[in-house]
Amino acid sequence: MKSLKIIAWVLVTFLGVGAIGAIALHRGETINSVWFIVAAVCVYAIGYRFYSAFIATKVLLLDPTRATPSERLNNNRDFVSTNKWVLFGHHFAAIAGPGPLIGPTLAVQFGYLPGTLWILVGAVLGGCVQDFVILFFSTRRNGRSLGQMAYDELGIIGGSAALVGVMVIMIILIAVLGLVVVNAMKYSPWATSTVAATIPIAILIGLYMRNIRPGRVMEGTLIGVILLLLAVVGGGWIDQQPNLRHWFNYDGPTLALLIIAYGFSAAAAPVWLLLAPRDYLSTIMKIGTMLMLAVAVIVLRPEIKMPALTQFIDGTGPIFGGGLFPFVFITIACGAISGFHSLISSGTTPKLLSNEMDARLIGYGAMVVESFVAIMAIIAATIMDPGVYFAINSPVGIVGKEAVDAIAVINSWGFPINIAQMHQLAADMGEASLFARTGGAPSFAVGMASIFANTFGTNMTAIWYHFAIMFEALFILTTLDAGTRVGRFMLQDLLGNLYKPMGRTSWYPSVFFTSALVVSAWGYFLYIGTLDPLGGINSLWPLFGIANQMLAAIALCVATIILIKSDKLRYVWITAAPLTWLVIVTSVAAWEKLFNPELRIGFLSHAQDLTTRLAGGVLPSDITVIEAQQLIFNDYLAAALTTFFLITTWILVLETLRISYRIITGKSHLALSEAPYQLSQKITTKSRLIIKN
Amino acid sequence: MNYLKKNINRGWELLRTISGDDAYERYLEHWHTYHAKNGDKPLDCKTFFQMEQDRKWNGIKRCC
């Protein structure tokens, strides 16, 4: 039996190595996507079976006899033991948002290989480890949040860095996600009307679950899903009505203002009305669609048409400026390693864990699944002709406003494409044009629609496309609502220290004031993003990536210190190695975003260039003087934020090094903040004996 | 046949637990085991559901 297992794992290893070799060394016209699936599954299987087991048994010493917070502190409110598979589902739904779909799509400008390798290696050695150790450490600390753990283990500096970091990353995240939705709805009455319809549908379901049939979650969700599908079809009908369609036909800045107004109302409204019901719908859609996509990819086994590497690894890429190193590691955060996960892995999930042993499946395992979602996003972006991919994703500032110009530029890069092809594609997808639809969502929707259409029938391509847009918008708006509320709560908490009533979450003046403050913070970046001829994504996405990796660095600093304090110095590399890598990557990326002379990379050089042009009266034709001034201000603001991220990261790293040195040399330091051992009552005498032996 | 029925039932129960559909029933069960002795009344379904939702959305619950 044992030797059979060994043989099986040797086979998995060979298969995985073979598949990665095939992906990496293949230099033909196309390569089949099956190789990607096989490589991913083998890497995840080996990572989960061996590396996570090693971390669980040698480093963290998971203890099945130790009572978890849900048992020790069971008050049936915050702390409820939950079945591990149910909790796995909840945890996955909480960590997986639009990030793993967007980042990989954008990073495909380098070719399929860099993104794929980073997703696999980054997840198995970085992201999954981060989620797992933070979940475990928070469980050992009564489910304390990352900020509190940073405060307990690193002191006031670490704690404050984590707190401010969370706030800033939230603002940038919401702005960039808002921009993605805006770009998907720009001049598309079908997409806009469908996304708009999700709001009344969610409210209806909210009312249904609160007043008509309280607590009937499944019924409500089912009705909602049916209505959403009708909304997708209905949007197509509206698009055909000349007197209706102009109600839903907007340019980017107008849509940005609409999203801002929506964000404000959603944050000030009670959760049951919009946020909670929308979340039920987006969760079921997310899980359902991802499963469907996985099945379709396996059934269809489409050919990958993107080359392994493109010439844009030198930093001249149209979608975002910057070379392969460090920008592939910044662009793909979610799916490889995402610091934001550490906020879910601490605080929420630990309070529901019924046994410490489950932390491995939930922490490491859920991230494996998210990473697989990122691989599917890579597949969806690479099965279309590279010319089509670049036509959809390149902003007008690079390829020009006119289709003829765009085609000429893309052809000059060596990616064949013609106008008729793009017209046909847009017609198939039910859109007026697919040129310069930046942000990754339209491109992912095209990929997904073609996979579904080829699997389930080509006569529904346009419906699949708008289904994909609706599905992405649905959970982007959930993240936007939830993020704005969290920002509001944090702000109220902070202001409550200055003036007591401001801290009351139900006092309307405070609710409106703080909501408006949070919404205007991200709304500002969103609005400027829609004015930017380079597409906004070019500057906002790297900023988001840097912020997210910085948060991961904070989480890994906390984990590293805890490992050292727990006498696990010889295993410290499991968190210190990804930490070192992230610090190198974020520092180099931040430096380049600040000081690179290339206009599309360096914020400062871009600002200087615009200032000179403004002074000389030679502005590009597509921006006005006021817009130019706004863009210049925005460049300086982005530069200030980048500096902030860079400095925060380094303060934290130096603080971590200082504390590590004190611990190792036996000098005084903050004690380990672990909750004392308590025997789990769930463990029977019999199983205790089994565990002992 | 019986085996099939049993498995469908189990799947259905799991689905209800994952979605939170049976949360109130589980709360009642818990309440009767631990809190019934004090002579209070359990929350009604509507109040329970409202409290659960407020609790669920207090803090960072959705990621990127």
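**Group meeting talk: cavities, a pocket and an interface**

Hello everyone, and let's begin inside the protein: the search comes to 8 cavities of 30 Å³ or more. A cavity here is a set of points, on a 1 Å grid over the protein atoms alone, where a 1.4 Å probe fits but cannot get out. Grid points are joined across faces, edges and corners, and a volume is the space filled by probe spheres set on the points.

Before going on, a word about what you are looking at. This is a predicted model, where local features need pLDDT of at least 70 and side-chain atom pairs count only at pLDDT 80 or more, while totals for chains, interfaces and linings use all residues. Residues are numbered from 1 along each chain as its sequence is written, chains are lettered from A and ligands numbered from 1 in the order in which they are written, and side-chain values use heavy atoms, with hydrogens and water left out.

Now for an open space. A pocket is an open set of points with protein on both sides within 12 Å along at least five of seven lines. The second largest pocket contains about 740 Å³ of space. It is lined by 28 residues, and A:K186, A:Y187, A:V396, A:K401 and A:A436 lie nearest its centre. Two or more lining residues come from each of α12 (252–268), α18 (396–399), α19 (403–412) and α23 of chain A. Which of these gives the most? That is α23(A), with 3 residues. The classes here are 12 nonpolar, 8 polar and 8 charged.

Please keep A:Y187 in view for a moment. A:Y187 sits in the loop between α8 (156–185) and α9 (189–212) of chain A, and its phi is positive, about 50 degrees, although it is not a glycine. A:R301 also has a positive phi, about 45 degrees, without being a glycine; A:R301 is in the loop between α13 (275–300) and β2 (303–304) of chain A. There is also a cis peptide bond between A:F325 and A:P326, with omega about 5 degrees, and A:P326 belongs to helix α14 (residues 324–331) of chain A. Why point these out? Because most residues other than glycine have a negative phi, and most peptide bonds are trans.

Let's move to where the chains meet. In total, 28 residues of chain B are in contact (heavy atoms within 4.5 Å) with 46 residues of chain A. The area buried between them is about 3200 Å², and carbon and sulfur atoms give 62% of it. Buried area is the accessible area (1.4 Å probe) that two parts lose on being put together, summed over both. The interface has 2 salt bridges, each a side-chain nitrogen of Lys or Arg within 4 Å of a carboxyl oxygen of Asp or Glu. A:D279 pairs with B:R62 in a salt bridge, their closest N and O atoms 2.7 Å apart. On chain B, α1 (2–19), α2 (23–34) and α3 (45–56) each supply at least two residues of the side touching chain A, and α3(B) gives the most, with 9 residues.

To finish, over all chains there are 20 salt bridges. A:E356 and A:R66 form a salt bridge at 3.8 Å, N to O, and this pair links parts of the chain 290 residues apart.

Technical notes
Helix = DSSP H or I, 4+ residues; strand = E, 2+ residues; numbered from the N terminus. 1 Å grid on protein atoms, 1.4 Å probe; cavity = no way out; pocket = protein on both sides within 12 Å on 5 of 7 lines; lining within 4 Å. Nonpolar A, V, L, I, M, F, W, Y, C, P; charged D, E, K, R; others polar.
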